[in-house]
Amino acid sequence: MKKIVLLSVLWSSIVIAQSGTEPTAALQNIAPPSSPAFVLMDITPSNIIVPENIQAFSLQTISAFSGDSSNGLSNNNYAVEFQPYWYVKRERMDFFKYNNLTTQKADDSEVTPNDYTGYNIFGDVWKRFSVSMALMNGTFDVLPQAQSYVSVGARTRLLSFKTKSQINDIKSQYTAYTTFMSSPEVIAIFAKPGLSPSEINTAITNLETYKTIVTDFENTLQRKPVFALDVAAAYSHFMGDKNQDLDDAFGRFGVWASGDLAFYTPTIGTNSHVHIYGVFRYLRDGLNLNEASDLFIETKTDYGVKMELELDKLSFAYEYITRDADDNNEERSIGSIRYKINKSFTLNGGFGKNFKSDGEQVVLFGIQWGLDYEPSVVLGAGN
Amino acid sequence: MDSYQVGTNTPIKLKVGIETEAITMTYPFLYHSEDDDTPYSMISPFDPAQKPGWKQLDNGNKVNGKFFRVVSFLRFFNSFPDEETFNLAIQQVKDTYEASLKGGDVSPYMMAFELKSFYKDKTCVIESELLLT
């Protein structure tokens, strides 16, 4: 109950703080700021990141109470994330290749869905590869005054496995779609030379059978792989502080991997899954102060688990990570909630005990949004 | 409107090539004239990624003086986090779509096309028209 009250107060603070910016347009394309450059500094709701549906280019912001929050939401934590896949030509790309299904048949030969008998477990490596860079300002439980850091990171999905049943479902949905799209009802629409492309599109996408088939197909494709292994690496550089006589120095370097065992639970929700994650992270942390107030480097190894119940719009998760450090061991025990209010607006929150914290404390709760080419929040003319 | 000289070259064949994450369904139609509302002949709808070869128009019959029209309908089934990412996928469609005709030993003729994409529906319509002379 105490936690709920505290979270409510924090949430209210965020809303009040944000009210001064007077957004005049709908928030769009909000994504949790899960770029490795952010995760490295322990300021994201979850330390276990899964590279899902990343924007080709995004500017992420985060409002972390661990940062310099003296100016409310306008604190200086920004990350740019870039997915090169969409910017280079994808050779011989087709629907089956994109979904990692492979065939033994030669290129340029005629194929049918049944010819796709294999699955490329490495097929997501390039597709989901992204690089990120972050500028951050905060204390991060290291120095008394907020300091600046520059981070770079990269992440991808190294492995993914789908069951034979999942693969067969994709093939049968493909057949159902192409069969319908070859029906006289559909051909009659395309055969009319007087229809504009917009009219053709409207006529097709308004067909009830089309809607049903497409929805079923998308639900099939959205089923998570039964197992996926995601990897990431990031480096954060401490920019130094002349006022405290601190030169720029090695900040943090980390590599981490998380395995996701996903069980599809259609009885709970159409796209519902129960996830069991395992995580490993190696961290070389230069953000430690000794008694003489000098920075020193410490090596740490994190490993832990996360359980998540993912419903259509809501997800609950709990993660426990233990950290073996040179001088002592630490724990991170975080519960997190994500609620997708609508297609473009998601709330993320996390509470519990972070590394280096004394006792139980809130570590993050707030709105995060991705700024695309166009800002997600458009400020009023007076701002 | 563009035209293509068939001459004595028969049969005339169509080939469609595209490299995209979407499922592409292609519909080729032959009309007696460009004013006709209904085609007199068509090639069965196909996905060029699955059936990439050359296909005869009107079963190899002469098509001189006819109006030829090819419509491709693309539907993406992957998620797009924003319209900019979708537009990058469409850019690849623009860069790789080829609808070409050939007859006999004559080099393939690349048909010009118009493309219209619809982010909300994750679809795209591509249309090519040609007068066969």
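A salt bridge is taken here as a side-chain nitrogen of Lys or Arg within 4 Å of a carboxyl oxygen of Asp or Glu. The model is predicted, with local features requiring pLDDT of at least 70 and side-chain atom pairs counting only at pLDDT 80 or more, while totals for chains, interfaces and linings use all residues, and side-chain values rest on heavy atoms, with hydrogens and water left out. Residues are numbered from 1 along each chain as its sequence is written, and chains are lettered from A, and ligands numbered from 1, in the order in which they are written.

Over all chains, 23 salt bridges are found in the whole structure. In chain B, B:Glu127 pairs with B:Arg69, their closest N and O atoms lying 2.7 Å apart. Because B:Glu127 belongs to strand β10 and B:Arg69 to strand β6 of chain B, this pair ties together parts 58 residues apart in sequence (strands being DSSP runs of E of at least two residues, helices runs of H or I of at least four, numbered from the N terminus). B:Arg69 is buried, at a relative accessible area of 0%, and B:Glu127 also counts as buried, at 12% (buried means under 20% relative accessible area, exposed over 50%, and partly exposed in between, with a 1.4 Å probe and protein chains only).

A further salt bridge, of 2.8 Å from N to O, is formed by the side chains of A:Glu218 and B:Lys122. A:Glu218 lies in helix α7 of chain A and B:Lys122 in the loop between β9 (114-118) and β10 (123-132) of chain B, so the pair joins two chains; both residues are buried.

Within chain A, A:Asp285 and A:Lys300 form a salt bridge with closest N and O atoms 2.6 Å apart, linking strand β9 (residues 273-289) to strand β10 across 15 residues. A:Asp285 is buried at 0% relative accessibility, and A:Lys300 is likewise buried at 0%.

The largest nonpolar core has 36 residues, of which A:Tyr177, A:Met181, A:Phe190 and A:Ile204 touch the most other members (such a core is a set of buried Ala, Val, Leu, Ile, Met, Phe, Trp, Tyr and Cys residues joined through side-chain atoms within 4.5 Å). Its largest share, six residues, is supplied by α4(A). Leaving aside neighbours within four places in sequence, A:Phe190 is in contact (heavy atoms within 4.5 Å) with residues of both chains, including A:Met181, A:Ile204, B:Tyr27, B:Phe29 and B:Arg69.
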